[in-house]
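Please keep the sequence and the structure in view while reading.

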Amino acid sequence: MSVQIIWPAVYTDLLTPLNSYLSPAVVGGFAPGLTDAATLVRVRTLLSQDLLDKYNYTSPPQTWQQVEQIMAHILPLEHALGNTQLSGYTGQFAPYEGLTCNIMELLGTAGGLVNPDGTLSIMSDPPQAVEYSTQCVCSAAGLTLGGGVGAVAPIPGFTLDTLGQTTNGAHYYGVNKYSRNVASAFKVLQFITSDEAQLWWSREAGHQSSRTRVLADCQVANACDLQNLKPVSRPSAATGTKYPQVSTLLSTHWHNMLIGRITPEDALDRLTWDIANLLNINLLGPPVTVEWGSPVGIVAIIIASIAQVLTLSAGFPLVNSKGWSREQRRASPKLIMALLAGVALTNVWPLVFLGSPSALTCMLRPTIPGFAWATVLSIMAVQDLQVYLVVATPLRTVAADVHRRMRFFLLAVLLLQVGMTGLYIGVAAPKPTVVTIGREYRYAGCAWSSVSWIGQESAMLTLITPTILLVVNSLLAVRLAVIEKVSTVHRVPVLRIVYLILVLFLVSITALAVNRIRPSTRVLILTGVVLAQAIGVIRLYVLPRVIPDTSITSLAWMGETNAGMTTGTRTSAAAAALTHASSINDAASGGSKNLELLKSSVSFACRTAASARHLDFKPSVPCVVTLIRGNGILVIVEATHSPSHHSSRLRSVFCLRGRLASVEATSQHNHGGCVTQSLRLTFINGQVAELSSSGAQVISLIREWLDELKAFAASAEESAEILSG
């Protein structure tokens with residue numbers, strides 16, 4: 001069988017290997033460089049010899065510049081003589097395989113197209129190929145320079161030192177692997193490719209042979225002018241089964257250039273990149289990575305280290321548990337440490353983008369922020385949720401139940417995050433890859449499952465839990481802000497932190513999702529994100545919970561709430577209450593030291609608020625309640641947390657006479673056999689105080705204090721007065 005030069009790669013599976021039939025002598029008889037292309041080659045340039053003789057050109061043009069000069073000389077004279085159909089340089093310029101042959105002559109002369117090793121050169125000197133293809137081919141209309149006597153000559157070159165190349169239009173011979181007579185078919189091939197047969201083809205048909213002896217024949221060489229012949233093959237061997245597509249790209253882009261649809265520069269640019277994409281040829285060099293020792297890598301390491309130092313410094317007061325103040329108990333130290341651990345985990349996130357990616361780092365890139373943000377946001381949500389749960393029934397057994405619910409909440413968040421991460425790893429199967437960004441650059445990145453519908457979006461599975469928690473925290477923060485100023489509930493501007501994390505969350509997702517962002521820029525963005533988060537969370541959330549602030553008198557709502565106290569604590573708290581009440585009474589009686597009879601109790605848990613609605617969101621704490629009967633003054637002093645603390649803080653002083661609008665006992669509640677009941681005092685200006693107690697004596701205690709306080713619930717004459725210290 002015989003196939004044209006562009007088809008052997010397509011029909012390889014149908015051909016019989018002839019290695020066992022070919023001896024070294026047979027192979028050595030073929031001319032080097034020609035066996036890769038064909039057995040028959042035809043010279044491509046036809047000249048109108050009579051016109052050259054008429055105008056005294058004794059030799060064919062050797063360069064394209066000479067072709068242009070000859071056309072500029074002959075054409076005007078011939079047109080003046082009435083030969084208006086005469087054209088200059090013409091060829092096969094329609095968008096088909098013939099144009100590909102002409103293109104290969106120009107490209108081959110300029111440097112080549114697809115190299116044997118599969119790399120792409122297109123042209124080493126593209127401007128010359130474009131210049132001569134547009135200037136010399138612009139008058140294409142026929143096949144020859146004109147009518148008359150024809151002659152054959154080599155393709156011109158760009159300079160006298162650059163020989164033009166002629167395109168092989170050859171055929172391969174092969175034997176069908178399904179043939180029953182392979183040996184006989186090979187004998188036929190031996191005859192067709194023998195020196196005798198090839199010599200006949202060269203002498204009689206003017207076809208160039210691939211046999212060395214035939215090429216050396218002087219008669220053949222002179223007849224075909226093969227001394228300076230330099231053949232070029234179409235890239236069928238290098239492109240294989242994709243050659244038809246390569247040929248279509250060549251002829252289409254070149255034709256569009258010739259008719260003026262695109263510029264020569266655009267034609268070469270499109271041709272280069274389209275063929276490279278088709279053949280998966282890399283034109284952009286090695287993939288870009290952000291190395292550990294690069295300037296960007298060093299900056300990322302330094303900034304991440306600074307963020308980590310800040311995080312560890314914020315957690316240092318919590319490591320030393322001695323002397324924790326009540327302000328530090330505004331958040332459970334364990335929860336704050338867990339929150340800081342989440343921040344610390346985020347701080348190392350940019351580091352997994354340094355160096356060449358591996359399967360592990362590809363897995364960690366979306367996993368680290370997922371777990372880190374889930375930890376931080378779940379701790380924040382827990383502390384806000386406790387506002388709704390603790391304040392309703394603040395006694396010990398109820399508080400324990402609240403803590404149990406919060407532990408379940410944190411466990412549920414952890415399990416959800418682990419499940420989403422496992423699903424992501426199982427479905428997406430992240431692995432290293434090279435990402436190509438148009439015609440600009442390549443970088444070492446991560447790829448996902450080979451399943452077509454699973455892509456980069458699958459990484460969002462690890463961020464589902466943080467997204468839910470962002471919504472939860474936002475709703476809780478807004479709810480608290482509507483009911484009462486956030487600073488009076490737990491001293492922390494939660495909305496600011498939620499907004500900060502939300503912004504950083506969106507910036508990070510954008511930096512990861514937009515592939516066109518350069519790796520160095522992405523690393524710097526993520527480094528800035530972790531530093532901003534570390535500073536913001538520590539400054540706005542952690543420090544207000546671990547640094548004492550005596551100017552704020554809001555009640556603590558974290559930790560266990562216990563109405564019981566040790567004897568020593570009760571004594572010191574009562575003494576402090578009496579001392580303060582004494583000073584108030586002295587001021588009211590003009591300096592007299594004669595105290596009215598006092599009534600005091602250490603069996604209450606207290607809370608106060610500006611209104612009944614606000615009271616529902618205030619926690620109760622153990623307190624010492626003292627009533628100065630003569631002056632109608634009620635003193636509420638918060639009990640100390642630890643017996644080692646010998647001082648207590650004055651919470652509130654109420655003037656009851658003429659200001660107490662009503663006092664009533666709430667319904668009794670039984671929690672696990674423990675009876676609780678409260679007294680609620682409402683003042684004419686809307687302020688509310690609640691005294692709660694539990695235990696076996698709660699009924700008699702509530703009745704006793706109810707009788708005492710009712711005496712002051714007379715008609716109001718002026719606003720209630722509250723003094724807070």
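Helices here are DSSP runs of H or I of at least four residues, and strands are runs of E of at least two, both numbered from the N terminus. The model described is a predicted one.

## Overall make-up

Of its 725 residues, 48% count as buried, and the chain exposes about 33700 Å², of which carbon and sulfur atoms supply 60%.

Among the contacts that join residues at least 6 apart in sequence, 71% are between residues at least 24 apart.

## Annotated transmembrane regions

An unreviewed UniProt entry carries the annotation "transmembrane region" for residues 296–319, 331–351, 371–395, 407–427, 459–482, 494–517 and 523–542. Two of these stretches can be set beside the model. Over residues 407–427 the chain is 100% helix and 0% strand, with the end C-alpha atoms 30 Å apart; over residues 523–542 the chain is likewise 100% helix and 0% strand, and there the end C-alpha atoms are 27 Å apart.

## Two helix pairs

Two packed helices are described by the angle between their axes and the distance between the axes. Helix H11 (residues 243–258) packs against helix H12 (residues 264–279) at an angle of about 170°, with the axes 9 Å apart. Angles over 145 degrees count as roughly antiparallel, and H11 is therefore roughly antiparallel to H12. On the H11 side the contact involves Gln245, Val246, Leu249, Leu250, His253, Trp254 and Met257, which meet Pro264, Ala267, Leu268, Arg270, Leu271, Asp274, Ile275, Leu278 and Leu279 in H12. By class, the contact of H11 with H12 is made up of twelve nonpolar, two polar and two charged residues.

In the second pair, the axes of helix H13 (residues 295–319) and helix H14 (residues 333–347) come within 9 Å and cross at roughly 170°, which means that H13 is roughly antiparallel to H14. Ala304, Ala307, Gln308, Thr311, Ala314, Gly315, Leu318 and Val319 in H13 meet Pro333, Ile336, Met337, Leu340, Val343, Ala344 and Asn347 in H14. The residues of this contact of H13 with H14 divide into eleven nonpolar, four polar and no charged.

## Residues with positive phi

Most residues other than glycine have a negative phi. Asparagine 56 has a positive value, near 65°, and is found in the loop between helix H2 (49–54) and helix H3 (64–80). Asparagine 56 is exposed because its relative accessible area is 67%, and the cut-off for exposed is over 50%.

Alanine 429 also has a positive phi, in this case near 45°, and lies in the loop between helix H16 (396–428) and strand S9 (431–437). At 40% relative accessibility, alanine 429 counts as partly exposed.

## Valine 472

Which element holds valine 472? Valine 472 has its place in helix H17 (residues 464–483), where a relative accessibility of 27% makes valine 472 count as partly exposed. Valine 472 and aspartate 384 are 88 residues apart in sequence, while their C-alpha atoms are 9.7 Å apart in space.

Technical notes
Residues numbered from 1 in each chain as written. Predicted model: local features only at pLDDT ≥ 70, side-chain atom pairs only at ≥ 80, totals over all residues. Heavy atoms only, no water. Buried < 20%, exposed > 50% of the residue type's maximum accessible area, 1.4 Å probe, protein only. Contact = heavy atoms within 4.5 Å. Areas by Shrake-Rupley, 256 points an atom, 1.4 Å probe, with all protein chains shown as cover. UniProt positions renumbered as here; feature names shortened; annotations may be inferred. Axes fitted to C-alpha atoms, helices over the stretch in contact; angles between N-to-C directions. Parallel < 35°, antiparallel > 145°, perpendicular 65-115°, else oblique. Nonpolar A, V, L, I, M, F, W, Y, C, P; charged D, E, K, R; others polar.
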